[in-house]
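This briefing looks at how two chains pack against each other. Please have the sequence and the 3D view open while reading.

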Amino acid sequence: MTEITLNHYLAVSALLFSLGLAGIIFRRNLIVIYMCMEMMLNAANLSLIAFSRFMPLGAAGHLDGQIMVFFVITVAAAEVAVGLALIVALYRQRQTTRVEDLTLLKF
Amino acid sequence: MIGTGLLVIVNRNPVASALCLVASFVFMAGLFVLLNAFFLAVIQILVYAGAVMVLFLFIIMLLDLKATADRRPNLFSYLFGGVVAVALMALFVQVLGYLPAGEMNAANLPAADGAYDARSLGELLFTKHLLPFLATGVLLLAATAGVVLLSKRGLGSDSTPPETSNPPAAP
């Protein structure tokens, strides 16, 4: 039985981040793309918390990773609210959330 | 967690995709507990799996999105996305190879009683990181004002400009 090391947590985080990136590129639905972005933020949170946990306990700022995750969660919540409002406003104008139909800025 | 994360991107139905993402977040909160981040695990469940995903599901059902098959399979997008994701994963694996893993055992860590609880986190939040904390409050206010402005019906389509001189920028 192998021990759980820092690298295991980082590997899970990296895998989830890559999945989120793949989902952003694969999917054509704006809302699903948004959810994949949340997944990437969450993967970054996991690695931050893992780094914070594996710091020496007495070291200066061994909780700073968790503080950072706190801020990331707050900003992500604000960003979801604004982004979903944008999506709803877009849906009112275009009646679609598929990225193929939203090519106004496409060169 | 990885399995549910994979299900998020392969599900055709946005509602099922969102529910898989909720499951993934809950599993992630379990990992946070294993890493002694109890407060953040609770926040993860409450904010992410609770509020944010309810917002997502609300919008999905409000817009009445159907599980639509792709009109054309868009092979280039799949190929490109797969290549980019695999390349990123290879990069991560290479970086992980450089890290010394041996002494980073979870079993070797000292038992940290009370070093990771909400009290120490809060003390740090209100002393060392007070300025970012206050800036977060301003950011939330700006986001709220922005959402209200965006949700106003007829923004930009009618001739009268909104009364506010500078609309708050989306963060």
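The model is predicted.

**Interface between the chains**
- Chain A contributes 57 residues to the contact and chain B contributes 66 residues.
- On the side of chain B that touches chain A, at least two residues each come from helix H1 (2–10), helix H2 (14–34), helix H3 (38–63), helix H4 (75–98), helix H5 (118–127) and helix H6 (130–151).
- That side of chain B consists of 52 nonpolar, 13 polar and 1 charged residues.

**Nonpolar core**
- The largest nonpolar core counts 60 residues, and A:Ile31, A:Met35 and A:Ile49 have the most contacts inside it.
- Two or more residues of this core come from each of helix H1 (6–26), helix H2 (30–53) and helix H3 (64–94) of chain A, and from each of H2, H3 and H6 of chain B.
- Leaving out residues up to four places away in sequence, A:Met35 touches B:Val8, B:Ser17, B:Ala18, B:Leu21 and B:Phe56.

**Packing of H2(A) and H3(A)**
- Two packed helices are described by the angle between their axes and the distance between the axes.
- The axes of H2(A) and H3(A) cross at roughly 175° and come within 9 Å.
- Angles over 145 degrees count as roughly antiparallel, so H2(A) is roughly antiparallel to H3(A).
- From H2(A), the contact residues include A:Leu30, A:Ile31, A:Tyr34 and A:Ile49; from H3(A), they include A:Met68, A:Val72, A:Gly83 and A:Ile87.
- The contact of H2(A) with H3(A) is made up of 12 nonpolar, 5 polar and 2 charged residues.

**Helix H3(A)**
- H3(A) has 31 residues, which at 1.5 Å a residue should span 45 Å. Its end C-alpha atoms are 44 Å apart, in agreement with that value.
- Buried residues of H3(A) include A:Gly65, A:Val69, A:Phe70, A:Ile73, A:Val80 and A:Leu84.
- The cover over the buried residues of H3(A) includes H2 of chain A as well as H3, H5 and H6 of chain B.

**Backbone details**
- A:Gln95 follows H3(A) and has a positive phi, near 60°.
- B:Asn36 lies in the loop between H2 and H3 of chain B. Its phi is positive, about 65°, although B:Asn36 is not a glycine.
- Is B:Asn36 buried or exposed? B:Asn36 counts as buried because it has 21 C-beta neighbours inside 10 Å, and the cut-off for a buried residue is 20 or more.

Note on methods
Residues are numbered from 1 along each chain as its sequence is written. Chains are lettered from A and ligands numbered from 1 in the order in which they are written. This is a predicted model: local features need pLDDT of at least 70, side-chain atom pairs count only at pLDDT 80 or more; totals for chains, interfaces and linings use all residues. Two residues are in contact if their C-beta atoms, placed from the backbone, lie within 7 Å. Helices (H or I, at least four residues) and strands (E, at least two) are DSSP runs, numbered from the N terminus. Ala, Val, Leu, Ile, Met, Phe, Trp, Tyr, Cys and Pro count as nonpolar, Asp, Glu, Lys and Arg as charged, and the others, Gly among them, as polar. A nonpolar core is a set of buried Ala, Val, Leu, Ile, Met, Phe, Trp, Tyr and Cys residues joined through C-beta atoms within 7 Å. A residue is buried if 20 or more other C-beta atoms lie within 10 Å of its own, exposed if 12 or fewer, and partly exposed in between; C-beta atoms are placed from the backbone. Axes are lines fitted to C-alpha atoms, for helices over the stretch in contact, and angles run from 0 to 180 degrees between N-to-C directions. Angles under 35 degrees count as roughly parallel, over 145 as roughly antiparallel, 65 to 115 as roughly perpendicular and the rest as oblique. The expected span of a helix is 1.5 Å times one less than its number of residues.
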